[in-house]
Amino acid sequence: MTRAARYFARAEFAIDWPIQFLVGVTGVLLTFFEGSLALWSLFYGATPLLSLVFLYWMMVHYENFVPVFLVFVIGLISDILFSDILGGRATAYVLAFYYVGFRRAKILQGDFMQTWLDFALVVTGVMLFQLLIFSLLNFAIPAVTPILFQIGSTLILFPMGYLLLFSLASLVEKVRMLS
């Protein structure tokens, strides 16, 4: 009788690695989606950083599910996919990870405008870091217009992505409470 009771006992959902795996798969899929946006003439050469929007939201609201290794791997896949300097975006994402971890309490206490401004600093920092690495390795400054367009398009899409992720999290929480 105890064997059957153990078999039908509820599973422990307190472990983090399955959710971390799902976060990683979602980040990689968003990176591939960014790559597919580059095929449109509007975003050619300067796609919005949708994976950074997702990682920022996850780092702010669910810090336990986003380890630094995962952020580095998503950045590395993004470097390979977009033919960037290998490790440039990955390192910038790791620096953004530590910055958001440092500012997390203030971001959660602030309103949405403060969150948006903080995200603007993160996106600008990531792009400036990549620009600096590119300039130091190639001894040339690339065109700034695509970089500004990429920052602008990411900042324009941030409220929609934030609202979508917040709504999905609320829906999952409601379903979890009902079951």
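Start by selecting α3 and α6: α3 passes α6 in a right-handed crossing, where right-handed means that the near helix is turned clockwise from the far one by less than a right angle, and left-handed anticlockwise. Helices here are DSSP runs (H or I, at least four residues), numbered from the N terminus, with strands (E) needing at least two. The model is predicted, so local features need pLDDT of at least 70 and side-chain atom pairs count only at pLDDT 80 or more, while totals for chains, interfaces and linings use all residues. Residues are numbered from 1 along each chain as its sequence is written, and side-chain values use heavy atoms, leaving out hydrogens and water.

Now show the side chains where these two meet. From α3 come Leu52, Val53 and Tyr56, and from α6 Thr115, Asp118, Phe119, Val122, Val123 and Val126; contact means heavy atoms within 4.5 Å. By class that is 7 nonpolar, 1 polar and 1 charged residues, counting Ala, Val, Leu, Ile, Met, Phe, Trp, Tyr, Cys and Pro as nonpolar, Asp, Glu, Lys and Arg as charged, and the others, Gly among them, as polar.

α3 (residues 50-61) packs against α5 at about 45 degrees, with the axes 8 Å apart. Axes are lines fitted to C-alpha atoms, for helices over the stretch in contact, with angles from 0 to 180 degrees between N-to-C directions. That angle makes α3 oblique to α5: under 35 degrees would be roughly parallel, over 145 roughly antiparallel, 65 to 115 roughly perpendicular, and the rest is oblique. The α3 side of the contact includes Leu55, Met59 and His61, and the α5 side includes Phe97, Arg104 and Ile107.

Next, select α6 alone. This helix has 27 residues and reaches 38 Å from first C-alpha to last, close to the expected 39 Å, which is 1.5 Å times one less than the number of residues. Color its buried residues (under 20% relative accessible area; exposed is over 50%, partly exposed in between, with a 1.4 Å probe and protein chains only). Among them are Ala120, Met127, Gln130, Leu131 and Ser135. What covers the buried residues of α6 includes α3, α4 (68-81), α5 and α7.

Step just past α6 to Phe139, which takes a positive phi of about 55 degrees. Last stop: Ile141, in the loop between α6 (112-138) and α7 (145-178). Is Ile141 buried or exposed? Exposed, because its relative accessibility is 67%.
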